[in-house]
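Subject: Structure handover

Hello,

Here is the structure for you to look through. My notes on what was found in it follow below.

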Amino acid sequence: SLRPEPARLTPEMRRYARQMWLSDLIDVVIMTRVELALLGLFFSSTDMGYFAAAAVFAGLVGQFALQLSPALIVGFSTIEEAGDTRARLFANAMRFTALGIFPVAFGGAAIIQQLLPLAFGEAFAPAGSAAAILLIASAITGIAVIPWAFLAATGGSGSLLHIMTGSAIVTVALLTGGIFLAGLKGAAIARMLAECLTLAMLILAIRKRTRFTIPYVTLFKAMLAAAACGFAAHLAVRTLDGWAGITVGIVAGALTYPLALR
């Protein structure tokens, strides 16, 4: 691979690289490894297995959203700043991400308590409630990718470093309290609260740097439509047992969602 000449790297480039590297380090090490350490400290091996199973499907939703970040970073960094072009791209990215992520997260949360035992065995049924909470939290994770990508693309590495540091501290505190107070479900609620706080800090950083209008109304409407999708799926899985209920629930949710959007 080609390496840039050191003389061509400006101090701003070096600072940006250092801050982004530290942000990723916090995200990868503290936000995951420390979480596992806390879970291992407070949970039994059985509870650890429950949490791992509960986090599987939420992790898939989060990974899907993260796949959008490279394209968004390129788009935000190359699009012209004049006019409202970048603001429109930001708002549209928020809308389309919500339209794609929300029904998967809310619909998945509606059927996960029936799906988890079918996928991993009846022994994992106690993880169903935590899995539903984590899936809803994954919707917040998906939306947070947009402001994160914008800050990464427009020189906001310092803001990202501060946000990730604050998020890591709050996550550790919330996890400790959540596990102590409510065990497995408390850990899932702590994760969801931490994701909400991280998204709020990202949006606040965006508002300080730009005059972008966050499409709150559109996001709220998409969330209501996704909730209707989840409700239809939940009715199906409560009516039918096994894979038949899961299949009908997915179809019912998929049909309900566009109708609710209308």
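**Aromatic rings**

Phe120 has a relative accessibility of 36% and so counts as partly exposed (buried is under 20% relative accessible area, exposed is over 50%, partly exposed lies in between; 1.4 Å probe, protein chains only). Before going on, note that the model is predicted: local features need pLDDT of at least 70 and side-chain atom pairs pLDDT 80 or more, while totals for chains, interfaces and linings use all residues. Residues are numbered from 1 along each chain as its sequence is written, and side-chain values use heavy atoms, without hydrogens or water.

The count of aromatic pairs is 7 (rings of Phe, Tyr and Trp, its six-membered ring, with centres within 6.5 Å; planes under 30 degrees apart are stacked, over 60 edge-to-face, the rest tilted). One of these pairs joins Phe90 and Phe212, with 5.2 Å from centre to centre and 40° between the planes, which makes it tilted. Phe90 belongs to helix H4, while Phe212 sits in the loop between helix H6 (157-209) and H7, so this pair connects parts of the chain 122 residues apart (helices are DSSP runs of H or I with at least four residues, numbered from the N terminus). Phe90 is buried, because its relative accessibility is 1%. Phe212 is buried too, at 10%.

Phe120 and Phe124 also form a tilted pair, since their ring centres are 5.8 Å apart and their planes meet at 55°. Phe124 is partly exposed, at 26% relative accessibility. Through ring pairs, Phe120 and Phe124 are part of a cluster with Tyr50 and Phe57.

**The second largest pocket**

How much space does the second largest pocket hold? The volume is about 370 Å³. A pocket here is an open set of points, on a 1 Å grid over the protein atoms alone, where a 1.4 Å probe fits and protein lies on both sides within 12 Å along at least five of seven lines; lining residues have an atom within 4 Å of a point. The volume is the space filled by probe spheres set on those points, which are joined across faces, edges and corners.

The lining is made of 18 residues, and Val104, Gly107, Gly108, Ile111 and Ile250 are the ones nearest the centre. At least two lining residues come from each of helix H2 (45-66), helix H4 (85-120), helix H7 (216-239) and helix H8 (242-261). H4 contributes the most, namely 7 residues. By type, the lining has 14 nonpolar residues, 4 polar ones and no charged ones (Ala, Val, Leu, Ile, Met, Phe, Trp, Tyr, Cys and Pro are nonpolar, Asp, Glu, Lys and Arg charged, the others, including Gly, polar).

**Cysteines**

How many disulfides are there in the whole structure? The search gives 0 (a disulfide is a pair of cysteine sulfur atoms within 2.5 Å). For the sulfur of Cys196, the closest cysteine sulfur is that of Cys229, and at 20 Å this is too far for a bond. Cys196 is partly exposed, with 36% relative accessible area, whereas Cys229 is buried, at 6%.

**Helix H5**

Helix H5 covers residues 128-153, which is 26 residues, and spans 38 Å from its first C-alpha to its last, close to the expected 38 Å (1.5 Å times one less than the number of residues). Because 22 of its 26 residues are buried, H5 is largely enclosed by the rest of the structure. Gly155 follows H5 and has a positive phi, near 80°.

**Some C-alpha distances**

- Gln19, in helix H1 (residues 11-42), is buried at 18% relative accessibility. Gln19 lies 6.1 Å from Gly158, although 139 residues separate them in sequence.
- Leu116, in helix H4, is buried with a relative accessible area of 0%. Its distance to Ala127, 11 residues away along the chain, is 7.8 Å.
- Leu235, in helix H7, is partly exposed at 43%. From Leu235 to Gly253 there are 18 residues in sequence and 9.7 Å in space.
- Val56, in helix H2, is partly exposed at 36%. Val56 and Arg88 are 32 residues apart in sequence, and 34 Å lies between them in space.

Regards
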